[in-house]
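Please examine the sequence and the structure shown below.

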Amino acid sequence: MAKGEKRLGRYRLLDLIRQDGDARLHRALDANGQAVALWTVPLARLCADAAGLERFRRMASAAARLSHPAIPAILASGELAGIAFVVTAPADGPTLATRLADGPLGWEDAVATLDRVLDALAAAHRAGVIHGALGADTVLRTGSAAVVTGFGRAALTAAAVNRRDDLAAAVGLTKRLLAGHAQRPGVSALLATLRDEGAGAFPDAGVLLRAVSALNEASVASAGLAPARARRWPLLLGGVAVLGGLAAAAVLNRPAPPLPPPVAMVKDTLPDSEPASEPPASSAALSPEPAPSLPPAPPPAIPRQPPVAAVAAALRAIPCALVGVETTGGKLLVSGTVAGERAETAVRETVETLAAGWDHGFDLTTADAQFCAPLGSVTTALDANRGLAEPLTVSMLEGPALNAGDPLMLEIRAPARPVQVQVDYFTIDGSVVHLLPNPSDSAIALAAGASRRLGERGADGKPGTGRSWTIGPPYGTEMLLTIATAVPLFATLRPEQEPAADYLAALADALAALPGDAPAALADARFIATGP
């Protein structure tokens, strides 16, 4: 690393964020101008013992396979010019330690923070990755979510730490965040257990996470409400990169809007079963007589099967779910994608309530709960579009499953009236990329029934003259949202990439400001699975 040039291979070092001994954390740019965070230590430190360098390579490789919304992705690692380094996606925001200096967290905030941190730690341990320095100073507050930084640093420092050390640090953080809430059900008992037994009270971070989650569920249940949180969904991440480079996105995990209880509309519309007729009262016999022969028992009643359309209508009323229902082989099959475990529970409970008489099954994909927010913002527009004979439609030219390096190409077809379209891609790391309009393409008008393609490439696979996009890390289930209105949603061009929270607030204002006499806004939403 040439000190005057402030470079390390393809990375240009901007400034020093922090230093712990001879381990340094830099803010940097890669060769494409993308912002990254870069940890370095002198290579000599790792070579102090015969196994040090091999341990670094093994640990860094394991850390690079981590996929969790609360863990910044590890992008690269290696050795160059006497320096060992680990490159991660950037994460900005104040540390949890800074926030706690202003006073304790509220109950919901404390539990949500522990949920993210413990879930991230459990995922890392399952992947064989140790953090080694977990604490309030390594947890960042990015928007309303917590992000655990420092994974991968242990590979550089090669500290003699293990899972029990991480778990002890997690226990300390749990006690610190729950200390001000001992009056809540179960909290004082958990704190006593942690105080008396420490890390030995729990075999791993996942069990500690469930203990903390149970506290919140018990508190919610005592108020007569359905639990708002459950075990996290199997972890998925995702990202889309605009060719030419985009600013790194902040991590976001917006809370999902409350879900209504399962709808019971079909049950109420079905005719009640006929009451069983009462046998006539028999008079007492004065002398024994042969018992009359009983008529044969009627065959068991066949449960009524509610109309499939009624079940589908009830499922459409569930926020945060894009699911459909069909019959196959005499069986009712519910398939699609839901945003978060609460939405999945609502879908399953609704079907169990309404589909009595049907042999039914589920084929559901659970995406991150953060996608509930954009879906909720266009609920009315989605319903309006479903009711059209010629709706707004968006199709993938490749996919819907896309892998690293695959192009993102779309075809949009307007409804039977002219519209102005807004096309947005919501990523798993809490940002939104505006596919249309964008800095090189502001043509958002579509004539009635007209179609146009976005991101299309030539026969050689190279981008055309307009914007094009390529799938990149982090990977997982992400969401494409297209909105059609009579007038443009925004008077000025928004940043090509921005935090989803900022955009959703602006979108709500824009939808509310549409002229009252204008045709209803329409929307098409679909989930996209991405992978390496």
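The model is a predicted one.

**Strand β23 and its partners**

Strand β23 spans residues 522-531. This strand is mostly covered, since eight of its ten residues are buried. Strand β14, residues 401-403, runs parallel to β23 and is joined to it by three bridges. Within this pairing, A401 stands opposite A529 of β23. Strand β21, residues 477-485, is also paired with β23, but here the two strands run antiparallel, and eight bridges join them. In this second pairing, T482 is found opposite D524 of β23.

**The disulfide**

How many disulfides does a search of the whole structure find? The search finds one. A disulfide is a covalent bond between the sulfur atoms of two cysteines. Here the two partners are C320 and C372, whose sulfur atoms lie 1.5 Å apart.

Are the two cysteines buried or exposed? The table gives the relative accessible area of each.

| Cysteine | Relative accessible area | State |
|---|---|---|
| C320 | 4% | buried |
| C372 | 1% | buried |

A residue counts as buried when its relative accessible area is under 20%. C320, at 4%, is therefore buried, and C372, at 1%, is therefore buried as well.

Technical notes. Residues are numbered from 1 along each chain as its sequence is written. This is a predicted model: local features need pLDDT of at least 70, side-chain atom pairs count only at pLDDT 80 or more; totals for chains, interfaces and linings use all residues. Side-chain values use heavy atoms; hydrogens and water are left out. Buried means under 20% relative accessible area, exposed over 50%, partly exposed in between (1.4 Å probe, protein chains only). Helices (H or I, at least four residues) and strands (E, at least two) are DSSP runs, numbered from the N terminus. Two strands pair if DSSP finds at least two bridges between them. A disulfide is a pair of cysteine sulfur atoms within 2.5 Å.
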